[in-house]
Amino acid sequence: MTNEYELLDCGEGRRLESFQGIVIDRVAPQAKWPKKLSKEIWNTAQAKFIKTQGESLWELNPQCPENITLRLDDFLMKLRFSPQGQLGIYPEQNINWKWIIQQCKKKSKLKFPGNPLSRILNGFAYTGGSTLAALAGGKETLEMIHLDASKASINWTRDNLLLNHFDNLATSLVVEDMIKFMQREVNRGNRFNGLILDPPAFGRAKGGKTWKLQRDFPELMKLCTKLLQEENSFFVLSCHDPFYTKKDLKEMLSTIPAIKSKDIETLDLVIPSEKGNDLPNGITARWSSLK
Ligand SMILES: C[S@@+](CC[C@H](N)C(=O)[O-])C[C@H]1O[C@@H](n2cnc3c(N)ncnc32)[C@H](O)[C@@H]1O
């Protein structure tokens, strides 16, 4: 990814990663195989997330900083030790971030008729990795809409925008339920040149509204059909729910008339490790009409 992030190893339900030289040991339920690296290497972790049935907590060495600024190839991300064991980044999305940057660089084609700016929606957007990628590629040619149901994620994204000096670009940060927001955009007649969606298996939005991928996926795709600009557009869909296969994601994208099945690319999202085990973490399907 960059020399400032490295997956050192994974196995036995754990992952060992180095962020800017800070070694962190956290959970990875999908890593069912034995660890590859020695106990001595795993013991170099400066921070460890412990999850038992009763409680979850981070154990930090006194030398471990509370925040880490991670330099990726194209932008910076602020990492923190969240109580849920997350750090504010899904490194397996790096392959999509590179692709989003390429799409958004195709500025002249990514024009919305009657609007000088291309409208891109990043939904279920968390701390903004894909939003930063789009802005790194398209800068002032984009109107970026970043949406997440969690206020904490939106505040974290604001910090990431400031860190990258992207706070002066046309970006709306929206705390809202995804379906509710999309229905409103359809009613307003709005459309998007780019859709970036990474829906979780389960979620909760304001007012206790629940999100269930297996229940809500068809409705999500129907709304996407109404919101995706037919020409000069792109769509990235990813998913970490093992219930879905790459073929399923491809079929979901194919429900949109503008998208021809043969033009859809599907990939496994995998974090490679040089000396340890690779970590598979989800799948993706993507399509672009920008050449
Ligand atoms: C898997 S994370 C997305 C990671 C992100 N794509 C990235 O690469 O950094 C899922 C996100 O969906 C959000 N979420 C859950 N339910 C939601 C809903 N109903 N509407 C909008 N966002 C929701 C969560 O708050 C969480 O930030």
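1. Domain bounds here come from an automatic or database domain assignment. On that basis, the C-alpha centres of domain 1 and domain 2 lie 26 Å apart. Domain 1 spans 5-80 and domain 2 spans 91-288.

2. A word on the source. This is a predicted model: local features need pLDDT of at least 70, side-chain atom pairs count only at pLDDT 80 or more, and totals for chains, interfaces and linings use all residues. Residues are numbered from 1 along each chain as its sequence is written.

3. How many residues of domain 1 are in contact with domain 2? The count is 19, and they meet 19 residues of domain 2. Two residues are in contact if their C-beta atoms, placed from the backbone, lie within 7 Å.

4. On the side of domain 1 that touches domain 2, β1 (5-11) and β7 (76-80) each supply at least two residues. The largest share, six residues, comes from β1. Strands are DSSP runs of E, at least two residues long; helices are runs of H or I, at least four; both are numbered from the N terminus.

5. That side of domain 1 has eleven nonpolar, three polar and five charged residues. Nonpolar means Ala, Val, Leu, Ile, Met, Phe, Trp, Tyr, Cys and Pro; charged means Asp, Glu, Lys and Arg; the others, Gly among them, are polar.

6. Now look at alanine 125. Alanine 125 sits in the loop between β8 (118-123) and α3 (129-138). Is alanine 125 buried or exposed? Alanine 125 is buried, because 26 other C-beta atoms lie within 10 Å. The cut-offs are 20 or more for buried, 12 or fewer for exposed, and partly exposed in between, with C-beta atoms placed from the backbone.
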